Amino acid sequence: MQPRVLIVTTEAPDIFFSGLSFFNQEFWAELKRRNYPFKVLYLNNQKTRPSQLADYEVIVEPALPFDSSFESLVLNVAWSTSQKIAPILKEFNPDVISVHENTPLLPFYFELERIQFTLHSSYIGMQHYLTRTQKGMQNYWEQRIAVRQSGALILHSNWAHRSVIDFVSADSITPNIFPIGVDFTHYPTKKIHHPEGKIVISFFGRFTDIVKNFYVFRDAINTLPSSYRNRVEARVYGPEKIPDYLVNEGFKGLTFVQGEDKKQALAETDIVVFPSIQESYGIVGLEALLSNCALIATPGLGMDSYMKSEYSCEPTVSAIQNKIIGYLSNVKKLRSDQAENTFRNSVNRSEFTLGKMTESYIKVWKELYEKNLASSFGNK
């Protein structure tokens, strides 16, 4: 029997443009292709337009007059949301509740035995801006509850596991660790060369996010010796409008891309620079390699799940520049590697496919359902 699963998210693919919404888009599509018995609950905590892809939608807001402190407001919202969720749980009666990220966890506090929790976030524990502020402490405690008390825990890299132990709780349930998968057919193998013969170097992500380390990328491009800078077109694919100062510095600003637009962007890109300082998996790098882009990315993070050592680079201006200059000094080899699928072949393995990832999730769901079934029989 396939356990019935309710997937809970605060980011639907047709609402937000982020790594989690992209993951949801791919994952839900694969589950539908397999005719899997699942439904989606969208917890709308930003009062966005309704999602056309979710089966259920709940507006997240407090219903009680208790908001004198951050903590009381959080509990107020959790209780209020749980009341709205109750009829959905009764109607669908899921065997497993699949929660992605800790934000939507608290309304399901009394359902933890059937919660499968996945921690996608690069902000694990209290790193960077999530420090000892009220928001940071709340985020920390929600992650701590999730990794210690959920029915099943899924992480997508060994880095995420180490971070959970180091920054959240060493006393966590035994995690299931497997990589995020994508549909290989969504990524171009052939390159579209720049009409002026330039090498296109792209950055995908928010250029206001300190974790993505955009400013190091910017400085590395801006301080390239002119003999190299003139041979490069630097592109920024981010959801925000590119500031005028970046345009004046010679960056080409483009909006966040999906579908065919992303495929085109990757086909036109020769090098992807991904200098994150925290990354639980780093799907940008996987997509770059699948699209036969050279990758320059930080070692020791989630990208290590798929990245060869020759693509790793410390996230400093000088190190990134050295990598870029190395490619510019031998463009003939770069083009040859692209034509021979060298970059794509480095990740052309079944563990990185969308199908394999989905099968791994289903396996976790079955095991959780069977454990709960055995427990309920044992209590009778």
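What follows is a chat about the predicted model shown above.

Visitor: Hi! How many helices and strands are in the protein?
Guide: Hello! This predicted model has 13 helices and twelve strands.

Visitor: What share of the residues is buried?
Guide: Buried residues are 55% of the 380. The protein exposes about 17000 Å², with 52% of that area supplied by carbon and sulfur atoms.

Visitor: How about contacts, what part comes from residues 24 or more positions apart?
Guide: Such pairs make up 67% of the contacts with a separation of 6 or more.

Visitor: Let's turn to the sheet. What is the strand order in the open sheet of seven strands?
Guide: The order is E3-E2-E1-E4-E5-E6-E7, and the pairing is parallel. Strand E3 (56-59) and strand E7 (176-177) each have a single partner strand, so one side of each has no neighbour in the sheet.

Visitor: Which strands does E4 pair with, and over how many bridges?
Guide: Strand E4 (residues 96-100) is joined to strand E1 (residues 5-9) by four bridges, and four bridges also join E4 to E5. Val 8 has Val 99 of E4 as its bridge partner, while Ser 98 is partnered with Gln 116 in E5.

Visitor: What sits on the other flank of E5, I mean how does E5 pair with E6?
Guide: E5 and strand E6 (residues 152-155) run parallel and share three bridges. There, Phe 117 is the bridge partner of Leu 153 in E6.

Visitor: Which way do the side chains of E5 point?
Guide: Ile 115 and Phe 117 point one way, and Gln 116 and Thr 118 point the other way.

Visitor: Now a helix. Which residues of H4 are buried?
Guide: In helix H4 (residues 158-167), the buried ones include Trp 159, Ala 160, Ser 163 and Val 164. Their arc around the axis is only 140°, which puts them on the same side of H4. The buried residues of H4 pack against helix H3 (134-149) and E6.

Visitor: Which residues touch the most other members of the largest nonpolar core?
Guide: That core has 116 residues, and those with the most contacts to other members are Phe 27, Leu 41, Ile 201, Phe 217, Leu 295, Tyr 306 and Trp 365. Helix H13 (residues 354-378) gives the most to this core, with eight residues.

Visitor: What does Phe 27 touch?
Guide: Leaving out residues up to four places away in sequence, Phe 27 touches Ile 7, His 100, Leu 354, Met 357, Thr 358, Tyr 361 and Trp 365.

Visitor: Last topic, backbone angles. Where does Lys 47 lie, and what is its phi?
Guide: Lys 47 is in the loop between strand E2 (38-44) and E3, with a positive phi of about 55° although it is not a glycine. Most residues other than glycine have a negative phi.

Visitor: And Asn 292, where does that one lie?
Guide: Asn 292 is in the loop between helix H9 (283-290) and strand E12 (294-297), and its phi is also positive, about 60°.

Visitor: Why does Lys 47 count as exposed, and why does Asn 292 count as buried?
Guide: Lys 47 counts as exposed because its relative accessibility is 56%, over the 50% cut-off. Asn 292 counts as buried because its relative accessibility is 0%.

Key:
Residues numbered from 1 in each chain as written. Predicted model: local features only at pLDDT ≥ 70, side-chain atom pairs only at ≥ 80, totals over all residues. Heavy atoms only, no water. Buried < 20%, exposed > 50% of the residue type's maximum accessible area, 1.4 Å probe, protein only. Helix = DSSP H or I, 4+ residues; strand = E, 2+ residues; numbered from the N terminus. Pairing = 2+ DSSP bridges. Core = buried A, V, L, I, M, F, W, Y, C linked by side-chain atoms within 4.5 Å. Contact = heavy atoms within 4.5 Å. Arc of directions from axis to C-beta. Areas by Shrake-Rupley, 256 points an atom, 1.4 Å probe, with all protein chains shown as cover.
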